[in-house]
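Work through the two exercises below with the sequence and the model side by side, and try each task before you read its solution.

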Amino acid sequence: MKRADHHPSRRRFLDVSGAMVAAGLTAGCTSDSAQPGRHAPSAAATPKTVAATGRHQAGITLPQQAQANLLAVVADLGADVAPGPLLAELGQAIRTLVAGTDPRLMGLPPGDLTVTVGVGPRLVRAAGASLPGTADLPRFSRERIAPRARGGDLLIQICAGDALLLPVVAAALLAQAGDRVRERWRQSGRRGTNVSVGKGLTAPRNPLGFIDGIVGPHTTAEQQRDLWLAGPPAVAGGTLAVLRRMELDLPRFAALSVAEQEAVFGRRRASGVPLSGGTADSGPMLGAKTPDGRYLVPADAHVRRAHATVVGVGLMLRRSYSTDDPAPGLLFISFQNDLRTFTATLTHMDTSDALLQFTTTTASATFLILPGFDRQRPLGSQLFG
């Protein structure tokens, strides 16, 4: 299989994965949005297997208790490659890997392994010009993206509590694809430890020290409204994903006082409570002011500029993973059933969000996450036959 010229070696990824294990983090690969609180399993506990088949692909809202580690691989298909047979093969391989029956696991138990597959706008447009997922992401400010780090035909998102699984599973799936795909870029990441945000919910901290993803579609009704695609039948049960890899200016942010950092986010760093008061899981009161007329949540605070009601869009199911290769930063992933939910939000943030001045985006892509699959419905069969 062809590889990108700058693709790191397998040994390097094994080294990175070993470092993840040593970190012993206990958050994971479903949404960064707040999740039902649970006690962290002991080191000896065996993670519960997550079914690979169903109406929706695993790795979005399942498992409920999120895994610690993620590897996202973005690739292109050859010009003459038919997506349908390739996706069907990948789906079969995913089933055997998750079941632990694939010899390419090298004897590693799959545990809570999930693999989520998406296809890029070029492939969706070929299947139907009016389908969701045909639009490429527009360009935004504060981007420094090499051509091969923008867009792509295929997303393979691998999540697991055991970081050793990530490169092993990626190697198995890429070997299955063979020379039909060419890797563009990959990014591994890990999540911060979950903390309580009230009402039995937890959320992880991001690399800047703040609780991340408190707001999101938590209920089934919210997820049906804002997360899952309802139609047409070829995509029903899928969703749209956005990936953005960002470098963070950690030294400059760390040089701010805690009060200045909190003004950037619009929340208390320690608790996640909005600067307007209440609890971590209560929405910010954006109209609240001090006696001298200043907004308690500053006009350029992130929670104001990214607020769904202010922007006029639905909720994103989002998560952030800490990265340290190629540079300290984060990998942001959001899932939504309308790409405008993301693009309108970032456009609104672009004008005056105080958080953006500490970020530089170095990779960007969007994908249609395919509906779930099983033995009778191979992966991608609704869309590509």
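P63 is found in the loop between β1 (35–36) and β2 (69–77), where helices (H or I, at least four residues) and strands (E, at least two) are DSSP runs, numbered from the N terminus. The model is a predicted one, in which local features need pLDDT of at least 70 and side-chain atom pairs count only at pLDDT 80 or more, while totals for chains, interfaces and linings use all residues. Residues are numbered from 1 along each chain as its sequence is written, and side-chain values use heavy atoms, with hydrogens and water left out.

**Exercise 1.** Determine the form of the peptide bond that joins L62 and P63.

*Solution.* Begin with omega, which is about 5 degrees for this bond, and conclude that the bond between L62 and P63 is cis.

**Exercise 2.** Find where D153 lies, and decide whether D153 is buried or exposed.

*Solution.* First, locate D153 in the loop between α3 (121–127) and β4 (154–160). Next, take its relative accessible area of 5%; because buried means under 20%, exposed over 50% and partly exposed in between (1.4 Å probe, protein chains only), D153 is buried. Finally, look at its side chain, which reaches the backbone nitrogen of L77 at 3.0 Å.

Definitions and conventions:
A polar contact is a pair of N or O atoms within 3.5 Å; within protein, one must be able to donate a hydrogen and the other to accept it, and residues adjacent in sequence count only if both atoms are side-chain atoms.
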